[in-house]
Amino acid sequence: MSLQVNEGQIVTILGNNGAGKTTTLKAISGLLKSEDGEVTDGQIRFKGNRIDKKYPEEIVRMGIFQVMEGRRVFEDLTVEENLIAGGHTNKSRSRLKQDIGVVYEYFPRLKDRKRVLAGYISGGEQQMLVIGRGLMASPKLMLLDEPSMGLAPLLVSEIFGIIRRINTEEDVSVLLVEQNARLALSIASHGYVMENGRIVLDDSVDKLKENADVKEFYLGLTEVGKKKSYREVKHYKRRKRWLT
């Protein structure tokens, strides 16, 4: 497989469960090592530097932060303590305070709940918290894994609006994995379709939205008969491209 995220972009990966989307994010962030996994072939590069042999803490310091699926907060810490934990990498107290203030501007609910244990806030607030904690690391590239999972539609719309703001206002590139294809394509500029660990299609979101296969398999805009894999429908030329 091969994919690329350009500076300032929001790029999405679409695919069914088990396609390899989360594994791809973990390979980039280095978290695959914690599951005894490794990149055995090819390279992952960030700003010209190879990172697939580095440890997660090194990758975070370089500017990549993964917001994992499932709203993984530190339940026994307060909301603000969770944010402080996200900004632990070589930051002064004044810088921490400043960055917490930025998070509260994006997520005012977190400010209202800052002294509450994270395990006692709502699911939507926990999703805001994990994104805010990621922002505390001053990322250049944020990896988001299923941020809409289990949330009410209105709350999802609010969170995705904030993701778009973070992308433009904080100059944070985003690689987004999201089951809600319609939602993902609404904020991304480029998309990849993954199947069984391979990229089988990539294009601008405008073209993906008009692609008959994407409409059928992901957007539900045509009548669906027997479902076929992309490789049964068409053969897509795969291009060699590095992550930058």
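Predicted model: local features only at pLDDT ≥ 70, side-chain atom pairs only at ≥ 80, totals over all residues.
Me: How many residues of β1 are buried?
Reply: The strand spans residues 10-14 and is mostly covered. Its buried count is 5 of 5.

Me: Which residue in β6 is the bridge partner of Ile13?
Reply: β1 and β6 (residues 173-177) run parallel, joined by 4 bridges. For Ile13, the partner in β6 is Val177.

Me: And what does Leu14 pair with in β7?
Reply: β7 covers residues 190-195 and pairs with β1 in the parallel sense, over 4 bridges. The bridge partner of Leu14 there is Val193.

Me: Switching to helices, what is the orientation of α3 and α4 to each other?
Reply: The axes of α3 (residues 79-86) and α4 (residues 93-106) come within 10 Å and cross at roughly 120°. α3 passes α4 in a right-handed crossing. Angles of 65 to 115 degrees would count as roughly perpendicular and those over 145 as roughly antiparallel. The two helices are therefore oblique.

Me: How many residues in the contact of α3 with α4 are charged?
Reply: Glu80, Leu83 and Ile84 from α3 meet Leu96, Ile100, Val103 and Tyr104 from α4. Of the residues in this contact, 6 are nonpolar and none are polar, while the charged ones number 1.

How values were computed
Residues numbered from 1 in each chain as written. Heavy atoms only, no water. Axes fitted to C-alpha atoms, helices over the stretch in contact; angles between N-to-C directions. Parallel < 35°, antiparallel > 145°, perpendicular 65-115°, else oblique. Left-handed = near helix turned anticlockwise from the far one by under 90°. Contact = heavy atoms within 4.5 Å. Nonpolar A, V, L, I, M, F, W, Y, C, P; charged D, E, K, R; others polar. Buried < 20%, exposed > 50% of the residue type's maximum accessible area, 1.4 Å probe, protein only. Pairing = 2+ DSSP bridges.
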